[in-house]
Amino acid sequence: MYSLILDTATKRLYASIIRDDKILFEKYIDGKNDHAKYVVKIIEEGLNLNKLKIDDIDNLIVGIGPGSYTGERMGVTVMKMFSSFKNIKLYEISTLKLMSSSYEGVVLSHIDARHGNVFASIYDTKKSKYYVDEGIYLLDDLKKMDYEIEFDEDSFRVNPFYVIKNKIEVENPDLLTPNYLRDTEAERNLSAKKI
């Protein structure tokens, strides 16, 4: 059973190909809002290195955010297309849960949301329990809370086996939308002008 995992919602693009209990390919690319240049290339690289085609993949797992608005859309769109055109099962996982996956215990994971705000959660990977639900918070407030380790979008590592274990099946891939948590900056500016 082959699984392709992709997350593009943060500054760090992540992709891996797993076969049963073996990591065949894993790559992180630290970007500057330029994941579009790499997202298809990194998938092709992983497939080519393992002499695979996209048709060999059994499961697609995509990080749905929160995070970069454009980044979230990109990863979700690519995986929806593969799922629809190649009839491959599609699964989702929270990007914050994916970021927490390499540690066993209580994790503060956060992604820059600008102006001192972060998209964040405090999540116990052992108990699969949120102590602070995914949302938009002031980072300073979260740092006063109890947690064991902290990961941001520059420092996280992924345990792909945790991701596979905690994936959620997408019943209708055409209806999958990223977890934006808020409107885009342009939408917020437009709303402010209407007031």
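**D141 and K144.** I count a salt bridge when a side-chain nitrogen of Lys or Arg lies within 4 Å of a carboxyl oxygen of Asp or Glu. D141 is partly exposed at 38% relative accessible area, while K144 is exposed at 68%. My cut-offs for relative accessible area are under 20% for buried, over 50% for exposed and in between for partly exposed (1.4 Å probe, protein chains only).

**Basis.** I am working from a predicted model, where local features need pLDDT of at least 70, side-chain atom pairs count only at pLDDT 80 or more, and totals for chains, interfaces and linings use all residues. Residues are numbered from 1 along each chain as its sequence is written, and side-chain values use heavy atoms, with hydrogens and water left out.

**Total.** I noted six salt bridges in the structure.

**K27 and E45.** I found these two side chains joined by a salt bridge at 3.0 Å, N to O. K27 sits in strand β3 (residues 22-30) and E45 in helix α1 (residues 39-49), so the pair links distant parts of the chain, 18 residues apart. Helices (H or I, at least four residues) and strands (E, at least two) are DSSP runs, numbered from the N terminus. K27 is partly exposed at 29% relative accessibility, and E45 is partly exposed at 29%.

**D55 and K86.** I found a salt bridge here with the closest N and O atoms 3.5 Å apart. D55 is in the loop between α1 and β4 (59-63) and K86 in helix α2 (residues 69-86); the pair links distant parts of the chain, 31 residues apart. D55 is partly exposed at 49%, as is K86 at 38%.
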